[in-house]
Amino acid sequence: MVKKQDIVGNWLVRYTKTPLEKFGSHILLTNFNNYVDIFCDLMGINKPDFSANMRVATAGDITIINFGIGSPNAALIMDLLSTVSPKACLFLGKCGGISEKTHLGDYILPLAGIRGEGTSNDYLPPEVPSLPAFMLQRAVSTALRDNSHDYWTGTVYTTNR
């Protein structure tokens, strides 16, 4: 009988064209190809081509994945990553805001997410907010502070619009 781990492992390889053993235990998720290229330049590694549905690059124990756009793709990549059991996943992306205090390019470090996109209701009821891992939250805020970057914190609202 085929097990879920076998299926998601097979799918992760097919979507990324990357063998499972090539994934690091720290995952950066993005929906910008440019971020994958910047990562490769910073790490001094070759840029992946565009033949995979999800571009992937690994340097040391860190893997960056461009998973595409949308909450279904975000849910998919998280399910698929269960096969490599990452220690941490961090999304590098974009968000909109309605506050006049924030500006283009500001760092926003969510303390909680109200899930209004619908896809994640398969995992938890909509009244349960998504919460970041405390140690990851602390590491990101420390890195921002240590590099003299200001950032905003607060609750965000996710949507599929």
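Student: Is serine 85 buried or exposed?
Tutor: This is a predicted model, and in it serine 85 counts as exposed because its relative accessibility is 56%, where exposed means over 50%.

Student: Where does serine 85 sit in the fold?
Tutor: Serine 85 is in the loop between helix H3 (71–81) and strand S4 (88–92).

Student: What is phi of serine 85?
Tutor: Phi of serine 85 is near 45 degrees, which is a positive value in a residue other than glycine. Most residues other than glycine have a negative phi.

Student: And what about phi of lysine 17?
Tutor: Phi of lysine 17 is positive too, near 55 degrees, and lysine 17 is again a residue other than glycine. Lysine 17 is in the loop between helix H1 (4–16) and strand S1 (26–30). With a relative accessible area of 54%, lysine 17 is exposed.

Student: Staying with the loop between H1 and S1, is serine 25 buried or exposed?
Tutor: Serine 25 lies in that loop and counts as buried, because its relative accessibility is 14% and buried means under 20%.

Student: Which residues does serine 25 touch, leaving out those up to four places away in sequence?
Tutor: Serine 25 touches Asp61, Pro86, Lys87 and Ala88.

Student: And which side chain makes a polar contact with the side chain of serine 25?
Tutor: That is histidine 26, with a polar contact of 3.3 Å joining the two side chains.

Student: Change of topic. Where is glycine 116?
Tutor: Glycine 116 lies in the loop between strand S5 (107–115) and helix H4 (134–146). Glycine 116 counts as partly exposed, at 27% relative accessibility. Not counting residues up to four places away in sequence, glycine 116 touches Tyr157, Thr158 and Thr159.

Student: How far apart are glycine 116 and lysine 17?
Tutor: Glycine 116 and lysine 17 are 32 Å apart in space, C-alpha to C-alpha, and 99 residues apart in sequence.

Student: Last one. Which residues make the nonpolar surface patch?
Tutor: Tyr35, Ile38, Leu42 and Met43 make the patch, which is about 380 Å². Tyrosine 35 is in helix H2 (residues 33–43).

Methods. Residues are numbered from 1 along each chain as its sequence is written. This is a predicted model: local features need pLDDT of at least 70, side-chain atom pairs count only at pLDDT 80 or more; totals for chains, interfaces and linings use all residues. Side-chain values use heavy atoms; hydrogens and water are left out. Patches are made of residues with over 30% relative accessible area and no salt bridge: like charges are joined within 9 Å, nonpolar side chains (Val, Leu, Ile, Met, Phe, Trp, Tyr) within 5 Å. Accessible areas come from the Shrake-Rupley method with a 1.4 Å probe; for residues, only the protein chains shown count as cover. A salt bridge is a side-chain nitrogen of Lys or Arg within 4 Å of a carboxyl oxygen of Asp or Glu. Helices (H or I, at least four residues) and strands (E, at least two) are DSSP runs, numbered from the N terminus. Buried means under 20% relative accessible area, exposed over 50%, partly exposed in between (1.4 Å probe, protein chains only). Contact means heavy atoms within 4.5 Å. A polar contact is a pair of N or O atoms within 3.5 Å; within protein, one must be able to donate a hydrogen and the other to accept it, and residues adjacent in sequence count only if both atoms are side-chain atoms.
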